[in-house]
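This report concerns one protein model and its pockets, cavities, helix packing and backbone. Please have the sequence and the coordinates at hand.

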Amino acid sequence: MSMFCNQCQEALRNVGCDAMAGVCGKTSETANLQDLLIYTMKGVAYFNQIARQHGINDPKTDRVVLDGLFTTITNANFDDESIMTKIEKGLTKREEIKRQLMVEGLIQKHQLLPDYASWSGHRHTFEEKSEEKRVGLLAGPNEDIRSLRSLVLFGLKGMAAYAEHALNLGFEKSDINAFIERGLLVTEDDEMTGEELTAFVLETGKYGVDVMALLDEANTTRYGHPEMTEVQIGVNSDRPGILVSGHDLKDFEELLEQSKDSGVDIYTHSEMLPANYYPAFKRYDHFKGNYGNAWWKQKEEFESFNGAVLFTTNCIVPPKANYMDRIYTTGSTGYPGFKHIPDRGDGNQKDFSELIEHAKTFPAPTQIEEGSIVGGFAHNQVTQLADQVVDAVKSGAIRKFFVMAGCDGRMKSRDYYTEFAQELPNDTVILTAGCAKYRYNKLQLGEIGGIPRVLDAGQCNDSYSLAVVAMKLKEIFELNDINELPIEYNIAWYEQKAVIVLLALLHLGVKDIKLGPTLPAFLSPNVAKVLVENFGISGMTDVESDLNVMMNA
Ligand code: SF4
Ligand code: SF3
């Protein structure tokens, strides 16, 4: 059984994982089923586009498509059973829409349909179907077309993840959902030229901005604007805990509410750290702070945490046997052997009672560090500090800002980001978002006139906040171009949410982004050339050279 996957930064030899399992631990069976799930979603999109044009779109279909894409994001779902069920659901949905279109006379009974809109199969034939070359990303006439299609598809995966979080909070935009469907079909369109596909990639960035703005609106409407917060990173309690990872704030809220009188404490891990910055969550006394670091340290940190863990989204690392029985997943995530908490029914909360009861049976977390870190510098908070920031720039106290947002990962090459942060001159400020921050958010980098030198806006989707801040500064300094600001971009990427963040930044006109630790394996030489020539994107080299170039830019 062979596989091919090149969607993340850890793609084998920076080409693609093509053996029996990926570097992330995804088996070839799982990889192929994920390809088939995407293929199935294309079939749903095919009919739903027609349904949309005639105003008969069922909102439940949007959730199926968003979940289908989200499930295939790196480190989100390793559970073949769960993926097969989603394929079956997708096929059922596809046929349901098709039937309705036929009844309405909008398609004909014997109309010629593309394979992705007409194939059928059962669990025992899924793997065979998924191995057909045309189902995966190896389909496509040449490497440039495949590369552009990959950029679209991976961008759509990130977009779907953010759209799903917003949807969970009751916020959605039909044009974003329609674009996602259109994008899925674009990746199968053999008529589209390289130029047309390139234009579509850039349009994907526009919807990337829109979806992050939507999620920002959803999060801040429901939970208030993130504010400057000192987050405890030690364990000051002898009660058992639940460690919550991932990005979904709705899950986090419901768990906090259901566990408030249970005698169990709640801690955040990895990308859930920014939950500490929201006013609405601060009123829960049993919400104790953050435990640990970025996702890839989970094996040791889940062990020392001792208690139950909830994954609301990626990133899951294949677990050690000794903590496996206390891990729960929910939403689009899954792992064979973990318990899965089902979705909420209309108008209901998810039921976290089993997780909470289970958590009571474990000892308290073992403390692994102490003290606190400061964060919460999303756009609203930074705007309140605008006068201070502008004065510091004008007086020369702040010479440059460095946007160092994105993802963290386990490869040694990422030590670069810690060193880079350490070597930055004292008159520079780091603007961060995403789990990339763990490379430098515990260094004592000090402050400039009361402004911390590391300003954390939040999760990867809060990169939107950094863009809002840049736009605001451009306005205040009356500049014509965002690139005239004293801001440099040194972005770390890992999975597909970083792809949509990158495309969003390109759409906003940001140039000269440094992207590391490696450029994506799915960029063909020609596509990479387009990005270099039009946007000045470059790979990282070494700390000293990069710092030198960026300080003098
Ligand atoms: Fe390899 Fe990344 Fe794909 Fe996993 S997600 S199989 S590590 S390219
Ligand atoms: Fe991290 Fe997975 Fe990307 Fe949301 S949790 S930034 S890697």
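## Basis of the values

This is a predicted model, in which local features need pLDDT of at least 70 and side-chain atom pairs count only at pLDDT 80 or more, while totals for chains, interfaces and linings use all residues. Residues are numbered from 1 along each chain as its sequence is written, chains are lettered from A and ligands numbered from 1 in the order in which they are written, and side-chain values use heavy atoms, with hydrogens and water left out.

## The largest pocket

The largest pocket has a volume of about 1,100 Å³. On a 1 Å grid over the protein atoms alone, a pocket is an open set of points with protein on both sides within 12 Å along at least five of seven lines, and a lining residue has an atom within 4 Å of a point. Points are joined across faces, edges and corners, and the volume is the space filled by probe spheres set on them. The lining has 45 residues, and those closest to the pocket centre are Arg-63, Asp-67, Lys-89, Asp-343 and Arg-344. By class, the lining divides into seven nonpolar, 19 polar and 19 charged residues (nonpolar: Ala, Val, Leu, Ile, Met, Phe, Trp, Tyr, Cys and Pro; charged: Asp, Glu, Lys and Arg; polar: the others, Gly among them).

At least two lining residues come from each of α2 (59-71), α3 (80-103), α6 (143-168) and α9 (249-259). Helices (H or I, at least four residues) and strands (E, at least two) are DSSP runs, numbered from the N terminus. The largest share of this lining, nine residues, belongs to α3. Domain 1 (12-222) and domain 2 (229-359) each contribute at least three residues to the lining of the largest pocket; the domain bounds come from an automatic or database domain assignment.

A cavity is a set of grid points where a 1.4 Å probe fits but cannot get out. The model has 10 cavities of 30 Å³ or more, and the largest cavity holds about 120 Å³ of space. Of the 13 residues that line the largest cavity, Val-382, Thr-383, Val-389, Val-469 and Leu-473 are the closest to its centre.

Two or more residues of this lining come from each of α13 (379-384), α14 (386-395) and α16 (463-476). The most come from α16, which gives five residues. The lining of the largest cavity consists of 10 nonpolar residues, two polar and one charged.

## Helix pairs

Axes are lines fitted to C-alpha atoms, for helices over the stretch in contact, and angles run from 0 to 180 degrees between N-to-C directions. Angles under 35 degrees count as roughly parallel, over 145 as roughly antiparallel, 65 to 115 as roughly perpendicular and the rest as oblique. A crossing is left-handed if the near helix is turned anticlockwise from the far one by less than a right angle, and right-handed if clockwise.

The axes of α6 and α8 (residues 194-223) come within 9 Å and cross at roughly 15 degrees, so α6 is roughly parallel to α8. Their crossing is left-handed, and the residues of the contact divide into 17 nonpolar, five polar and one charged. For α1 (residues 28-53) and α2, the axes come within 9 Å and cross at roughly 155 degrees; α1 is therefore roughly antiparallel to α2. The crossing of α1 and α2 is also left-handed. Helices α15 (residues 415-423) and α19 (residues 543-551) pack at about 50 degrees with axes 10 Å apart, and are therefore oblique to each other. The crossing of α15 and α19 is right-handed.

## Backbone exceptions

Most residues other than glycine have a negative phi, and most peptide bonds are trans. A cis peptide bond joins Asn-314 and Cys-315, with omega about 20 degrees; Cys-315 sits in the loop between β5 (308-311) and β6 (327-330). Another cis bond, with omega about 0 degrees, joins Gly-516 and Pro-517, and Pro-517 is in the loop between β15 (514-516) and α18 (525-535).

Arg-13, in the segment before α1, has a positive phi, near 50 degrees.
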